[in-house]
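Q: Please take a close look at one part of this model, the place where its two chains meet, and describe what lies there and around it.

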Amino acid sequence: MAVDSQLASWEVFMQSKPGANYIHAGGVHAADKNMALQNARDTYTRRGEGTSIWVVPTDAIVASNPDDNDMLFDPANDKVYRMPTFYTMPEGAKAI
Amino acid sequence: MELLEKTEEVRRELLKHFEEKIERGDAIEPRDKMPDAYRKHLIRQMSQHAHSEVIGMQPEGNWITRAPSLRAKQILLAKIQDEGGHGLYLYSAAETLGISRSEMIAQLHSGKAKYSNIFNYPALTWADVGAIGWLVDGAAIVNQVSLQRTSYGPYSRAMVRICKEESFHQRQGYEIMTTMMRGTKDQQEMAQDAMNRWWWPSLMMFGPHDSESPHSGDAVKWKIKRHSNDELRQKFIDKTVQQAQVIGLKIPDTDLKWNESKGGYDHGAIDWNEFYRVISGNGPCNKQRMEHHKKVHNEGAWVREAAEAYRMKQEKKLIHL
Ligand SMILES: [Fe+2]
Ligand SMILES: [Fe+2]
């Protein structure tokens, strides 16, 4: 094993308050998942920034390719029936 | 030949696409195509920034065991821990550009990568701890606030996080200076002496004047850099002079005067010979800073080895279950 190993890379996701989405905070290096969690805690929540942490090995993340953006993130303007405003509601109908 | 022309055409097309994106104000993300020069510039700047955070722990760390009270010691420890954290945010962000942390550390140790020149000066007295927090962190904040809008997404996000933590650093330093200026004559002199030694190196932190800055052309065009060295330096001077006046510290610059027409201070000439002398390795602490970093890095190798060995042992156990 290399003497100067910097340990594996992990991505850190934090929830800022109960019920909130987990948001990417940054990365840490660690040998295993317990160390990754501990390092994430020390590095990213020194001021009560979070209520919960996920750590994920960096190489387990699958990211989309920017070249595919047109295909993946097409606004689908030809599918306006996905919008609630597409539909005509009868006069007098309430709370819909 | 035809093939070469084709690749050149593709390259130009990609550059055009990239620059249009920058022009629109879109952030660049790790998987986006980017010019080699953009990637190289960011790796150099971000690793230098990360190394500065880490090396910057040394002059202050020198005072942890000698802090004048338990309160002061707790504050200093928390401040230095933050700086270590800033280094880690920035190493992680730089890694998204395809350089490993081991490579960055190797470049620091070989001298290929630099760190901020300011940390080659010693922290001689307790007042220096105040001056570092107030002036050095103060100057760093001006630069980092501007970098929050830098074009590379991971760098920009790291800056936002860092800026949230920095204002405590500057305040704790200014509080130390304030306390000393309200103290005995000896304490006031000690504070003024620290001010005299840290003022000019703090101004140098913003780098050479715009007229001599070798790296700024592409960095400005590609929105890595959002404000010029001189603009940032001016911002720092204008807010710091007022703070010095409030507590009775003198700015060690006889040419400093308010310029009504520009709404800011004019300052005396910066001694760039001193700057280049220190940056080329002849400052008071260059050798000490580097040697200390190498020593601690090497002495910590067994911890990383042990952590890897423990992981492998745990994995084997799982297989045999
Ligand atoms: Fe910092
Ligand atoms: Fe700081």
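A: In this predicted model, the contact draws 25 residues from chain B and 24 residues from chain A. The area buried between chain B and chain A is about 2,200 Å², with carbon and sulfur atoms giving 50% of that area. Arg31(B), Arg161(B) and Arg304(B) supply 24% of what chain B buries against chain A, more than any other three residues.

Polar features can be listed next. Between chain B and chain A there are 14 residue pairs in polar contact, and the count of salt bridges between these chains is 5. Four helices of chain B, namely H4 (70–95), H5 (101–110), H7 (153–181) and H13 (301–320), each supply at least two residues of the side that touches chain A; H13(B) gives the most, with 8 residues. By class, that side of chain B has 12 charged, 8 nonpolar and 5 polar residues.

Particular salt bridges show how the chains are joined. The side chains of Asp82(B) and Arg46(A) meet in a salt bridge with an N to O distance of 2.9 Å. Arg47(A) forms a salt bridge with Glu165(B), where the closest N and O atoms are 3.5 Å apart. Because Arg47(A) lies in the loop between helix H1 (33–44) and strand S3 (52–57) of chain A, while Glu165(B) lies in helix H7 of chain B, this pair joins two chains. Arg47(A) is partly exposed, with a relative accessible area of 37%, whereas Glu165(B) is buried, with a relative accessible area of 2%.

Salt bridges that share partners join Arg46(A), Arg47(A), Asp82(B) and Glu165(B) into one network.

Asp137(B) lies in helix H6 (residues 126–147) of chain B and His169(B) in helix H7 of chain B, so the pair ties together parts that are 32 residues apart in sequence. Both Asp137(B) and His169(B) are buried.

Technical notes. Residues numbered from 1 in each chain as written. Chains lettered and ligands numbered in written order. Predicted model: local features only at pLDDT ≥ 70, side-chain atom pairs only at ≥ 80, totals over all residues. Heavy atoms only, no water. Contact = heavy atoms within 4.5 Å. Buried area = accessible area lost by both parts, 1.4 Å probe. Salt bridge = Lys/Arg side-chain N within 4 Å of Asp/Glu carboxyl O. Polar contact = N/O pair within 3.5 Å; in protein donor to acceptor, adjacent residues only side chain to side chain. Nonpolar A, V, L, I, M, F, W, Y, C, P; charged D, E, K, R; others polar. Buried < 20%, exposed > 50% of the residue type's maximum accessible area, 1.4 Å probe, protein only.
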